[in-house]
Structures are given as structure tokens and as C-alpha cells.
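Hi everyone, thanks for coming. Let me put the model on the screen, and then we'll walk through a pocket and a sheet together.

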Amino acid sequence: MASAQPQPSKRTTVPTYEEVMLPLLLLAKDGKEHPVSDALTPVADHFNLTQEARVESLPDGRNRLRHRIEWARTYLKKAGVLQYPKRGSFKITDRGIALLATNPKFVNAKLLMQYPEFIEFKQPAADSIVAIPDTPLPDVDPEEALENGYQAIRRNIEDDLLTRVKNASPAFFEDLVIDLLVKMGYGGSRREAARAIGKSGDGGIDGIINEDSLGLDVIYVQAKRWTGSPVGRPEIQKFVGALQGQRARKGIFLTTSTFSKEAHEYASKIDTKVILIDGYRLAALMFEHSVGVSETKAYRVKKIDSDYFED
């Protein structure tokens, strides 16, 4: 009796856009028009992807595999081996059939450089404003590379922000909290927020701010420049007790440090709504709301407005 053949192992990582090029071209080999959406399963099956890899999302929620297929389709079209019969579809060209006839082991940007149209796409004329990098990261497409670069810059800036906040004076930290909360839409005007924050000192409460510009509800604030060990449950209990003494329903506890597991568990189980903002989230909020940072450059990623070209 013949022994059972071992099953190939599942791939857990989404293939790069260059890896997708050959399977996409092979899918179009039949000469038919294929919608991009119909390429997802065949490409995933080609790489024997796990279910998790098939549904993996980009930070903005788009399917990562489809995104890679779209970029592979774009590069193949620029090389003239695929064409777009209509929106959201692709079809092989005579050049694409000729390329497959050479039985390539792979198709990538380097191989596509044999075509003049692709060279022009990658290396435009000298007076062109934008050039496509010759050596993009192998595991990401150009759009993902831009996003990854942005996230790396952001993480570096947030780390620097947190270091500077920890080294700042208590008075500066108090002003920072005011600026941040006002930028986030709380406290009314800065003058109103400045009158409230740091003036209470009532049993663990550093300030009281308006939740909205009309003052329909209020939020109680505790802000601590904390170094060393995480802020523990006793500090949160003290703050909650102060809130209950004021019959308050909402509170924000900010710190330059972190919170212990027990502090998080306690805050999640009580009826009073208490938001815990540790140093890392504080720095992220500062970055997001432009507190302590300034903009140097802005890059807008655009796409074709297909509706504009509809009859």
C-alpha cells in the first residue's frame, strides 16, 4: 500500500507584488478578460496561503493580497504584457503570451526592464518631476513603502516627544495637558481650560474641564509626571473615589509612565468611565493633534477618479 503524500505546508505571509506577477500572468494565459476580484483565490491557492494571510489587512483596512495584485497588474500593464479592457479587469497581450513562451521562473521589475515602455515608466525623462525608485523594498509595494516610512518617522518622533515630556517641569506638563485637551476638542477655549486644570487639587483631582464647548457635561482630570514603576491600582482607586465624591461620571488619568495590569483591570470593571492615557498614548495623541510638533512636508497619495471618465 502506497504511503500518503505529505501535504505542502501553508504559507503564512502574503506574497510580494513581484512574486504575484507570474501567477497573475499565468492566470491571464487563457486570453480571457479577468476581473481583479476573481484573481484573489487563484493567486492565494498558487501560494497555498493560510486563511489568515488571505484576509490580512493593511492599516487602512484594505485587503493586503488584493493590494499586491493591483500593483502587480499595474507593473505588468506598464510593461505591455497586460492590458485593461475595462475598469477593474485585465487581459493578456501578445507580448505577454510571448513572455510566457520563454517559460520564465519568475517575473519581476528587473525582467520587465527589457521593454521600452517599462523603462520609460521607471526612468522618466530628465525634466520629469517624479521618478520611480529602481530598488523598492522587495516585500512591499511603493505605497506600502511610503506608509512604512511614515510610521517609522512617527515612532521615532513619538519616542523623542515622550523623553522630552518626562524631562520637562511639572508646570510645563500641566500646560501640555491643557494644550492637548483643547486641541482634542475638550475644555472650551484654552483660557477656560487653563482656569480649570491645576486649580482644583480636590482629593486626587487636578482639574475639571468642559466636555464640549457649551459645557453640557464635565470631565475630571488627573495628570501625573510619573517615573519608575507603573501607576498602580491604588492611584486609580484614589482618583475614582474623588470622582464619586463629586458625583462625577467621567475622568481622564494621564501619566508619563505606564499603568499596571491591575490598574487597567480595575478601570475596565467600574461603573465610572475612566480613560487611562499612558506616556506612549500621550505621545501618540500629541503627534496626532500637532502638540509639540510641526509639519515639514506633506505627501498626498492620489488615485484615478474612475467616475470622471464614465460616459
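By class, how many nonpolar, polar and charged residues does the lining of the second largest pocket have? There are 13 nonpolar, six polar and 10 charged residues; here Ala, Val, Leu, Ile, Met, Phe, Trp, Tyr, Cys and Pro count as nonpolar, Asp, Glu, Lys and Arg as charged, and the others, Gly among them, as polar.

A quick word on what you're seeing: this is a predicted model, where local features need pLDDT of at least 70, side-chain atom pairs count only at pLDDT 80 or more, and totals for chains, interfaces and linings use all residues. Residues are numbered from 1 along each chain as its sequence is written, and side-chain values use heavy atoms, leaving out hydrogens and water.

A pocket here is an open set of points on a 1 Å grid over the protein atoms alone, where a 1.4 Å probe fits, with protein on both sides within 12 Å along at least five of seven lines; lining residues have an atom within 4 Å of a point. Helix α8 (142-167) gives the most to this lining, with 11 residues. Helices are DSSP runs of H or I, at least four residues, and strands are runs of E, at least two, numbered from the N terminus.

Now the sheet: four strands form an open one, ordered β4-β5-β6-β7, with mixed pairing. Strands pair if DSSP finds at least two bridges between them. β4 (207-210) and β7 (273-277) each have a single partner strand, so one side of each is left without a neighbour in the sheet. Five bridges join β5 (218-224) to β6 (250-255), and these two run parallel. In β6, G251 is the bridge partner of Y220.
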